[in-house]
Amino acid sequence: MKNFDVPNWLIIIGAVGQMFTAIIYPYIRHVVFDWYNDIKKLKPLNQEIAKTYGRYIQGLNFSFGLISLLLTDELKNQTGLAVAITGLIAAYWTGKIITQFAYYPMYQIPKKTIFRIGEIGMNLLFITFAIVFLLLFITNLIGYSVHT
């Protein structure tokens with residue numbers, strides 16, 4: 001698919017956004033959701049599991065951003081590895097969007113304006129990430145299948 005190329009600036013915006021979500025994640029857990037007080041109600045092992053999964057999410061978001069920032073050209077070179085990595089990142093963010101809209105509306109987010117703006121902003125970021133990496137995945141997959 002040589003006539004369509006995902007622009008580097010779009011991948012870089014996605015990269016910076018993913019790293020931003022990793023950096024802001026502890027604030028959201030602590031201030032918006034009062035997460036640490038809620039998990040104190042769990043058994044000690046379950047507390048550690050919840051914290052570990054939180055760190056995994058934060059680490060993946062930052063890692064996907066760092067990979068996207070440092071390896072922008074490699075993410076679109078239509079190799080098998082580019083297909084795999086962009087497919088993984090696309091699946092991750094697509095799954096996040098599905099979870100976000102299927103399950104999260106059932107819960108209360110504080111009614112402050114800043115949190116409502118933040119919710120809209122974060123949702124727009126997640127949708128952007130999914131679109132960028134779905135486009136990369138599709139172009140890589142088409143290009144890879146033509147070359148093999």
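**View 1. Charges and overall make-up of the protein chain.** The 12 positive and 7 negative charges of the protein chain have mean positions that lie 9 Å apart, where Lys and Arg count as positive, Asp and Glu count as negative, and His and the chain ends are not counted; each charge is placed at NZ of Lys, CZ of Arg, CG of Asp or CD of Glu. This is a predicted model, in which local features need pLDDT of at least 70 and side-chain atom pairs count only at pLDDT 80 or more, while totals for chains, interfaces and linings use all residues. Residues are numbered from 1 along each chain as its sequence is written, and side-chain values use heavy atoms, with hydrogens and water left out. The protein chain holds five helices and zero strands, helices being DSSP runs of H or I with at least four residues and strands being runs of E with at least two, numbered from the N terminus. The C-alpha trace spans about 55 × 35 × 25 Å along its principal axes.

**View 2. The packing of helix H1 against helix H5.** Helix H1 (residues 8-32) and helix H5 (residues 113-147) pack with their axes 10 Å apart and at an angle of about 145°; axes are lines fitted to C-alpha atoms, for helices over the stretch in contact, and angles run from 0 to 180 degrees between N-to-C directions. The crossing of H1 and H5 is left-handed, a term for a near helix turned anticlockwise from the far one by less than a right angle. Residues of H1 that meet H5 include Gly 14, Gly 17, Phe 20 and Thr 21, and among their counterparts in H5 are Met 122, Leu 125, Phe 126 and Phe 129.

View 3. Beyond its neighbours within four places in sequence, Thr 21 is in contact (heavy atoms within 4.5 Å) with Asn 61, Trp 93, Met 122, Leu 125, Phe 126 and Phe 129.

View 4. Gln 47 lies in helix H3 (residues 44-70) and counts as buried because its relative accessibility is 17%. Leaving out neighbours within four places in sequence, the contacts of Gln 47 are Ile 39, Lys 40 and Leu 42.

Conventions
Buried < 20%, exposed > 50% of the residue type's maximum accessible area, 1.4 Å probe, protein only.
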